[in-house]
Every structure is written in C-alpha cells, then in structure tokens.
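Thanks for coming. I will go through one model this morning, strands to begin with and then side chains. Please have the sequence and the structure open.

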Amino acid sequence: MKNYLKMTLIVAMTIPMLLFLSSCDKDDEQKEETTYRGSFKLTYNAYDDLLSVANIEISYYDENGELRSEFITKDEWKKDITYKKLPTNTGFKITYTIKEQLPSDKTVFNLRCTYKGSVNVLQGETDNIIASQIFDKGNASKGVKAQDVEKFLKSYKVNLLYQIKDKEVIVVSE
C-alpha cells in the first residue's frame, strides 16, 4: 500500500511539471517565428526647368535585389518596395544628363529637385518599424545660363546605398 501511495504522489507531482514545461516550449516556438522585412520608399520631385533640360535616370534595387532603372518623365516619381528576404541591399542613384536640344525660348534656367524617403526594418506581418534611416535632400540652382546647365547637372550627384539586415539598417554610402 505504501508503494501505491508513493507512486500516486510521484505521478501527481510530475503531471503539473510536464504541463508547465510543454507550455514553455510553445512560447519559445512563437518567439522564433518573428520575421523581419525591409522597406524602401522614395519620392522624387523635379521643379521649374529641370525636366526640360535634363534626362533624369533613377537606378534602384527591386524586391528581388535586382538593379533596375527608370527615366523620370513627370514632376513627381514614387517608388515603394518591400523586401521579404534579408539581408539585402537597397538605395538609389540619380543620374542627370543634358538633353541634346535645350528649349530655344529661354537663355536662363531654374533647376531644382528634391528626394525624400526612408529605409526601414519591419517586424512581423505588421508595419512595426524597428530600425530606420530617413533622407530628405535636394538640389537647387537659379538663373543658370544655357552654357552652364551641363556643369550644374554634373554637380547633382546622388548615390545612396543601404544594407538592410534583421533589426538594423546600415548606411553604406551617402
């Protein structure tokens, strides 16, 4: 009878402990499922005479990490990309080249642009930002003579490169 009592006591103490340990495993599994995504947002605006004197090309990394390029044809251009696989590179480069034919009705030009946006690490399936780099810059030149347009366009160099990793955004070049 004593052995039966001891066995019952041991089983009674073991069951709650096993239940507790199995619930701890579930918590650990849920924590391991946290995923991170990256996002890149860019808005580019060309003002005044810029589009009439320059070909504007923006190169960027798409959602697969491939380098893509687009020419700007409107005053405002936007790009919003989500990266599901990390680590990844992102960023953009803006190249300005003078058009073959400048508008003949002008001898002086106002050249102005802005580019702003962000590179983020997002946690889980929500847009909970856990790391971010924000940029907000531009170039402006007023009263540029036709013969000086190309010189000013060459000075408008933009090349921003970032690396997105789990929980951090690293600036590679600015």
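Which residue in β9 is the bridge partner of Q163? It is I170. Before I go on, the ground rules: this is a predicted model, where local features need pLDDT of at least 70, side-chain atom pairs count only at pLDDT 80 or more, and totals for chains, interfaces and linings use all residues. Residues are numbered from 1 along each chain as its sequence is written, and side-chain values use heavy atoms, with hydrogens and water left out.

Two strands pair if DSSP finds at least two bridges between them.

β8 covers residues 158-165 and β9 covers residues 168-173; they run antiparallel and are joined by 5 bridges. Their hairpin has 2 residues between the strands, and K167 takes a positive phi near 70 degrees there.

β8 and β9 belong to an open sheet of 5 strands, in the order β3-β2-β5-β8-β9, with antiparallel pairing. At the edges stand β3 (67-71) and β9; each has a single partner strand, so one side of each is left without a neighbour in the sheet. From one strand to the next the twist averages 20 degrees, with axes taken as lines fitted to C-alpha atoms (for helices over the stretch in contact) and angles running from 0 to 180 degrees between N-to-C directions.

β1 and β6 pair in the antiparallel sense over 13 bridges, and the bridge partner of Y47 in β6 is R112. Those two residues also meet through their side chains: the charged end of R112 sits over the ring of Y47, 4.1 Å from its centre. The criterion for that is NZ of Lys or CZ of Arg within 6 Å of the ring centre and within 35 degrees of the ring normal. β6 also pairs with β7, antiparallel, over 15 bridges. There C113 has N139 in β7 as its bridge partner. The β6 and β7 hairpin has 4 residues between the strands, and G124 takes a positive phi near 65 degrees.

Now the aromatics. Rings of Phe, Tyr and Trp (its six-membered ring) pair if their centres lie within 6.5 Å; planes under 30 degrees apart count as stacked, over 60 as edge-to-face and the rest as tilted. The structure holds 6 aromatic pairs. One of them is F92 with Y115: the ring centres are 5.8 Å apart and the planes stand at 75 degrees, so this pair is edge-to-face. F92 is in strand β5 (residues 88-98) and Y115 in strand β6 (residues 108-123), so the pair ties together parts 23 residues apart in sequence. F92 also pairs with F135, with centres 5.3 Å apart and planes at 45 degrees, so that pair is tilted. This one links F92 in β5 to F135 in strand β7 (residues 128-145), 43 residues away.

Buried means under 20% relative accessible area, exposed over 50%, and partly exposed in between, with a 1.4 Å probe and protein chains only. For F92 the value is 2%. F40, F92, Y115, F135 and Y162 form one aromatic cluster.

S59 lies in strand β2 (residues 54-61) and is buried at 14%. Beyond four places in sequence, S59 touches L67, R68, S69, G91, F92 and K93. The side chains of S59 and S69 are joined by a polar contact of 2.9 Å; such a contact is a pair of N or O atoms within 3.5 Å, where within protein one must be able to donate a hydrogen and the other to accept it, and residues adjacent in sequence count only if both atoms are side-chain atoms.

T43 lies in strand β1 (residues 36-48) and counts as buried at 18% relative accessibility. Its contacts, leaving aside neighbours within four places, are E76, W77, K78, T114, Y115 and K116.

Finally, F152 is found in helix α3 (residues 149-155) and counts as partly exposed at 27% relative accessibility. Not counting residues up to four places away, F152 touches L111, S141 and V144.

Notes
Contact = heavy atoms within 4.5 Å.
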